[in-house]
Amino acid sequence: MKSYCFGIDVGGTSVKCGLFNTDGTLVEKWEIPTRTENKGENILPDVAETIKAKIAEKNIDKDDIEGVGIGIPGPINSKGEAACAVNLYWGFTPVAQILSDLTGLKAQAGNDANVAALGEAWKGAAAGSQNVIMVTLGTGVGGGIIIDGKIVAGSHGAGGEIGHALVVRDEAEKCNCGNHGCLEQYASATGIVRVAGRMLAASDDDSTLRELQNITAKDVLDAFKAGDAVAVRVMEYVGDLLGGAIAGFATVADPEAIVIGGGVSKAGQPLIDCIEKYYQRYAFPSCKETPIVLATLGNDAGIYGAAKMVL
């Protein structure tokens with residue numbers, strides 16, 4: 001085993017970069033801007049340049065570098081090819097091959113949510129686990145499935161797209177993916193706000209949420225933790241859908257741990273308890289004891305997981 005590797009996490013506004021020892025110790029992390037102009041043509045060359053600069057700065061022998069892993073926001077197949085990455089304005093892009101050609105290093109590429117799941121399985125909330133499901137609750141609902149220590153990408157790079165599991169069959173509104181009734185429409189930050197708006201409109205019950213002009217998911221979660229009746233109903237509904245969906249995925253993956261991350265997860269243990277209540281109701285008996293835990297790596301999960309891909 002060589003001594004070093006790089007983990008790269010490409011976001012819509014910035015690229016997070018990490019230099020690691022191959023035992024998983026983070027040596028240094030930094031960021032560069034994501035230049036999306038001209039259909040994102042500068043993104044991978046910029047990544048290559050910052051890697052080369054760090055190698056020179058640290059006076060690292062290139063032969064002592066295992067490689068570079070990179071996570072991007074879009075579906076990526078097992079060859080490291082992105083069919084598209086809308087937020088980066090990319091069409092088909094052979095990400096791993098381009099990055100390898102530009103750096104002269106072995107390169108691996110994966111979907112950012114899948115890569116974050118690998119990071120949590122390696123050095124985060126599920127450290128040491130070989131089989132993990134991660135659900136990220138943010139603006140959307142992302143996810144990743146790790147089996148035998150490897151990302152499940154699938155034949156189209158759509159493995160682990162937990163947010164687009166069908167959970168409500170008669171939904172009139174369309175999801176961003178074009179379908180109707182996806183988990184993301186209810187369990188994301190925007191989804192929680194949607195559910196709250198519907199429940200407030202459907203009843204006259206007293207709620208602190210009625211006093212607010214523009215309700216946010218944090219408002220709903222804070223009211224839920226304070227025992228507000230409407231907010232509790234909202235989160236019980238969300239927990240039911242989320243717990244049921246995770247139970248379904250668990251029958252396929254049979255994970256050692258289920259990790260909940262993303263901005264919504266900052267609600268902490270009350271959110272986990274709500275999800276777990278319904279997970280227990282729906283889970284296959286052999287999977288009921290699987291722990292549901294909060295992610296611990298935060299925004300660094302992507303660089304950890306990207307580094308792990310090349311090891």
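This is a predicted model: local features need pLDDT of at least 70, side-chain atom pairs count only at pLDDT 80 or more; totals for chains, interfaces and linings use all residues.
Residues are numbered from 1 along each chain as its sequence is written, and side-chain values use heavy atoms, with hydrogens and water left out.

**Pockets.** I looked up pockets on a 1 Å grid over the protein atoms alone; a pocket is an open set of points where a 1.4 Å probe fits, with protein on both sides within 12 Å along at least five of seven lines, and lining residues have an atom within 4 Å of a point. The second largest pocket is lined by 18 residues, with Gln-108, Leu-118, Lys-150, Ile-151 and Met-309 nearest its centre. Its lining comprises seven nonpolar, eight polar and three charged residues. For the largest pocket I recorded 16 nonpolar, 24 polar and seven charged lining residues.

**Sheet.** I took strands as DSSP runs (E, at least two residues), numbered from the N terminus, and counted two strands as paired if DSSP finds at least two bridges between them. I found an open sheet of five strands in the order β3-β2-β1-β4-β5, with mixed pairing. Because β3 (26-33) and β5 (107-111) each have a single partner strand, one side of each is left without a neighbour in the sheet. Strands β2 (residues 14-21) and β3 run antiparallel and are joined by seven bridges. Cys-17 has Trp-30 in β3 as its bridge partner.

Terms used:
Helices (H or I, at least four residues) and strands (E, at least two) are DSSP runs, numbered from the N terminus. Ala, Val, Leu, Ile, Met, Phe, Trp, Tyr, Cys and Pro count as nonpolar, Asp, Glu, Lys and Arg as charged, and the others, Gly among them, as polar.
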